[in-house]
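Subject: Structure for you to look at

Dear colleague,

I am passing on a structure for you to look at, and below it I have written up what was found. Please keep it open while you read.

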Amino acid sequence: MPGVEGFMYPNEVELQWSVLIVLYPFITGLVAGAFILASLERVFHVVTIKPTYRLALLTALSFMLVAPLPLQLHLGHPERSLEMYFTPHSSSAMAMFGFVYLWYLMAVLVTEIWLDYRKDIVEMYHKSTGLLKMIYWLMATGNLNISPRALELDDKIGYTITVIGIPSAFLLHGYVGFIFGSIKANPWWSSPLMPVVFIFSAMVSGVAAVMLLFMAVKKLRKEAIDIHCVDTIAKYLFYLFIVDFSLEMLDLIHRIYEADESFRSLDFMVHSRLFFSQIVLQICLGTLTPILLLGITQLFKIRAGIRKAIYTTSGLLTLMGIFAMRWNVVIGGQLFSKSFLGYTTYKMALVTKEGLLVAIALAILPFIFLTILVKLLPPFGENDAHHAPQPAIGD
Amino acid sequence: MAIFKDTGHLFRFAALFVVGTTSIFVLRAIVTPKSFGQYGHYRGAALKDLADRPVKYAGHQACEVCHTDIVTTKTAGKHAGVNCEACHGPLAKHADDPSNTPAKLDTAVLCVKCHAASAAKPKGFPQVQADDHSGGLACDTCHKPHDPAIAAGGAK
Amino acid sequence: MNVSRRYFMILVPAAAVAWESVLAGTPEDSPNYKMQDHWWGMLIDTPKCIGCGNCVRACEAENDVPEGFFRTWVERYHVTDENMENPEVISPEGGKHGFPAAKEDEGKYFFVPKMCNHCADSPCTQVCPVGATFVSPDGVVLIDQSYCLGCAYCVQACPYGCRYINPEKHSAEKCTLCYHRITKGLTTACCENCPTGARQLVDLKNPKDPIHAFLKTHSVQVLKPQMATGAKAFYNELDGSVR
């Protein structure tokens, strides 16, 4: 049989979960990571990263809106997807997706953004005309009260929401890890470390994404990049990355040392079909290189211009590495037979419902949402004034 | 009211949540199939749907009602444990309507499906290298399919 | 038609009632079948399998199994003593058209029919997000085709590779233990058509079922016992190398 080496159970030859399911944990990871970065400022009062607070929230929202789409497209019967809300099966990790998603989207993200932006929304309502005015009116739920007492209340509730939001973000992505980690039939997935690894890799990818977006948006707006802010984000990225890498290595070393019945099969897979995506892309280029680069910026004094270049490079490599990690989990977990006697191949289609073009479109979509959101709810500038005044430090 | 003076917007926002949640519950009550949960967390009527499918293999009990002569021959021979449709194919249509007669079988193709020699088969199972064994003759030249052993009086 | 119907009246009672209703076009009236009286499973007498593929063909005909997918299939193992842990396994087209002849050599060869194990603690029904697959009250793992989302999570969760997504219906499918037959007093299509009796439908709740005596006197194993799935496909004299 083409693409098959050794023996596969006959129903295993075709992969069930495609590139779209790779995209899904990648996108939710970005959401969770971006939100956790935002909450650092709010809850832990890391003042230097304040300029990214709103951008991080809007990034989280844009990606969150796209998160269920790959799942929806992958379903054989998308029209039945509401059954997950109507008759959720309590023993299924996947059934909880709908609820965790709704909770996180509505109760955490939308509420926090709304409370934080309410003053701006009302101000923009007064400034704008026509359709835009109506949109702002709807966003303000028709209530234009921005008295100091009302805003104080918003701030207090917003703080509480952020505190609730942190465990929610962990829940959101930890549970995505659990979807894979709880499948006992699949030794590549089945691991209690899976949710933890997913959470830390989510934070890594989300922090890297916000760092890149912050630099890109500033560049596009021809504003000076607040290098102290980026320095601080890069520092967090570095430490998070070390934890993430340690966890992943722990998992790997544990597997290699235990070398259970599945080891020979998985080891062969990593050395053959997954060599490029796992060893080269994920570990060498996507993890070790950015850790090394970020480590250099932590150890040595380097000019701001070069630092920015290093941050950009390591940020991009990080995102690629985390995407490769999701790929290796989702696709890798389906390439070997559960008989441990053979391997199949993933052939990515181009224009089908689950093909490459759709995947690319879905990867671009959050940026379109983000552009609209940034236009509607500007994260920088004078509307930011009620927060701390933006330090005008450039390089 | 004083309490709503600076909290009105929050109540409006909360109201949206209440409306959203309620509509999920209302929709759920309308959409969920009636028999859901009858036996467990699934649609109870699904059991009936599955059980109601028509059969394609009638089962040897159905064949034996009419073909009593074959039953007699077969039960005495080596093929006693082989059910009719194992060789003759799915015949529920024939059982339903006996005038719907099945196609004749070609023993040259049929018998080797089981009896072609292979080291993987159980040692005691009768198996032959078809070419050497019959020299190209159809199996039923010598063996009666319903009672194949030649020594037992099966030779034609 | 009338002739046959008259004859069917003297069939085994359950089958007769079922057939009557099937022929009359009202299968819903059929059996005196009580779910709570049964707990179905399958005995697979491995040494009896000759790899003819009759079960695979019968299953395909009975259940409209799509090309390239299998509700049951047969594997042929070749184990050499140098490499006990890595048997050479083949299953060309699920063994539907039999197997190429094996030559006598150092190793041993044998066939292993595979199918859904109808696990009592099935990992596949556990993960279904909506309750579209379930263990029926009579112990059969079934799929509600009209409720399945086609998310394929169950396909991932089955340790035995027994499930697939139907490429046309886009929902999950698997062996139903011929639920439409066993509830009418018939046996499954694979059992009906196995020429050597290597497969036998068993009812663990029926005290008269020969399975009880069989289990007492034979070395019986389930596949991947370490998965603790409560599998109900019992394999007689299963070789240790089988996965």
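This is a predicted model: local features need pLDDT of at least 70, side-chain atom pairs count only at pLDDT 80 or more; totals for chains, interfaces and linings use all residues.

Residues are numbered from 1 along each chain as its sequence is written, chains are lettered from A and ligands numbered from 1 in the order in which they are written, and side-chain values use heavy atoms, with hydrogens and water left out.

Where chain C meets chain B, 59 residues of chain C and 44 residues of chain B are in contact (heavy atoms within 4.5 Å). The two chains bury about 4100 Å² between them, with 61% of it from carbon and sulfur atoms; buried area is the accessible area (1.4 Å probe) that two parts lose on being put together, summed over both. Two salt bridges are found across this interface (a side-chain nitrogen of Lys or Arg within 4 Å of a carboxyl oxygen of Asp or Glu), and C:Asp144 forms a salt bridge with B:Arg43, where the closest N and O atoms are 2.6 Å apart.

Within chain B, the division is into domain 1 (45–103) and domain 2 (104–156), with bounds that come from an automatic or database domain assignment. Their centres, taken over C-alpha atoms, are separated by 23 Å. These two domains of chain B bury about 870 Å² between them, 63% of it on carbon and sulfur atoms, and zero salt bridges are found across their interface.

Best wishes
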